[in-house]
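Me: I want to learn how to read a few features of a model. Please start with the aromatic rings.

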Amino acid sequence: MRDSLRDLRLGASGPQPPPVARRRGATAAARADRYALYQIAVQDPEGDVVRVRRMYERLHGRTPRTLREDFCGAAAFASAWVAAHRENRAWGVDLDPEPLAWGRAHNVAKLRPEQAARLRLLQGDVRTARTPRVDVLAAFNFSFFLFKERRELLGYFRRCHAALARDGLFVLDAYGGPEAMEKRKERRRCEGFTYVWEQARFDPITHDASCYIHFEFRDGSRLPRVFGYHWRLWTLPELRDLLAEAGFSSSTVYWEGTESGTNEPNGIFRPRACAEEDPAWIAYLAAKK
Ligand SMILES: C[S@@+](CC[C@H](N)C(=O)[O-])C[C@H]1O[C@@H](n2cnc3c(N)ncnc32)[C@H](O)[C@@H]1O
């Protein structure tokens with residue numbers, strides 16, 4: 001798979017979280033902070049801020065200022081959003097108090113007080129959370145794949161439509177391709193550890209998939225299955241049909257380009273109506289209210 005669902009949309013090039021706290025004598029795995037490693041390995045919040053801003057500006061000719069980050073976890077994206085401009089405001093929504101608390105202690109704590117004041121983190125279900133209407137609603141790292149039933153995903157997309165301002169944009173990501181339907185493990189070296197993406201199960205009838213993230217360290221210690229995902233591998237045409245049914249007036253697929261010569265993905269996503277076959281891809285979808 002393209003660099004292990006990798007660098008997904010990432011590149012992980014922006015500022016890195018603070019070093020993991022050290023305890024003498026313990027293994028690297030025992031000293032590690034799984035949320036810090038996750039952010040280093042699979043997120044690119046500053047890059048996402050720029051990508052999403054450009055998508056919005058292309059459609060509306062103005063800069064978006066308000067964001068809701070669904071499934072925000074530690075709210076890396078929402079934090080980067082408020083840091084990017086003094087008029088930006090953001091709301092982050094997640095069910096789980098643990099990543100929210102980690103995000104407050106690490107991502108929000110790094111913001112200036114004036115920036116943090118423009119960010120609200122809410123513990124709740126994205127299907128029922130109430131927030132002011134926003135310019136951009138983002139759901140990243142495939143989290144909505146957790147909604148396996150068509151009716152359930154449609155209900156969520158309808159809520160997203162309602163949560164957006166009149167000229168709002170819903171931005172989500174997806175992955176796929178034949179390699180996404182295989183059992184496989186992919187490793188990628190990061191600074192001080194190895195990120196492992198495991199596709200442990202795929203059901204071709206239901207498209208149910210189980211995937212895990214593991215971290216491995218040079219001293220031989222491991223953090224197995226630190227994050228697990230049991231979701232449905234939705235296809236782009238299914239998602240676009242559902243977005244239209246939920247009321248979005250149009251949706252655009254942002255497809256990743258490749259380096260000439262190597263044909264490796266280059267991290268640059270452009271609107272495309274059709275694409276060449278690809279064994280493993282990730283893409284953004286931008287749905288206009
Ligand atoms: C794959 S993580 C995504 C984290 C982050 N958005 C990212 O881009 O890496 C999925 C997150 O979704 C949250 N979650 C799952 N179901 C949810 C729901 N119904 N409402 C709100 N959050 C939910 C989990 O608690 C978890 O933090």
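Me: How many aromatic pairs does the count come to?
Reply: Rings of Phe, Tyr and Trp (its six-membered ring) pair if their centres lie within 6.5 Å. By this rule there are 28 aromatic pairs. Planes under 30 degrees apart count as stacked, over 60 as edge-to-face and the rest as tilted. Phe170 and Phe248 have ring centres 5.7 Å apart and planes at 25°, so this pair is stacked. The pair links distant parts of the chain, 78 residues apart. Phe170 is in strand E5 (residues 164-176), Phe248 in the loop between H9 and strand E10 (250-258). Helices (H or I, at least four residues) and strands (E, at least two) are DSSP runs, numbered from the N terminus.

Me: What should I know about the source?
Reply: This is a predicted model: local features need pLDDT of at least 70, side-chain atom pairs pLDDT 80 or more, while totals for chains, interfaces and linings use all residues. Residues are numbered from 1 along each chain as its sequence is written, and side-chain values use heavy atoms, without hydrogens and water.

Me: What does the chain average in pLDDT?
Reply: pLDDT is the predictor's confidence in each residue, from 0 to 100. Where it is low, the predicted coordinates should not be read in detail. The chain averages 92, and 91% of the residues score at least 70. Over residues 1-21 the pLDDT is below 50.

Me: Which residues in H8 meet H9?
Reply: Contact means heavy atoms within 4.5 Å. Arg150, Leu153, Leu154, Phe157 and Arg158 in H8 meet Leu239, Leu242, Leu243 and Glu245 in H9.
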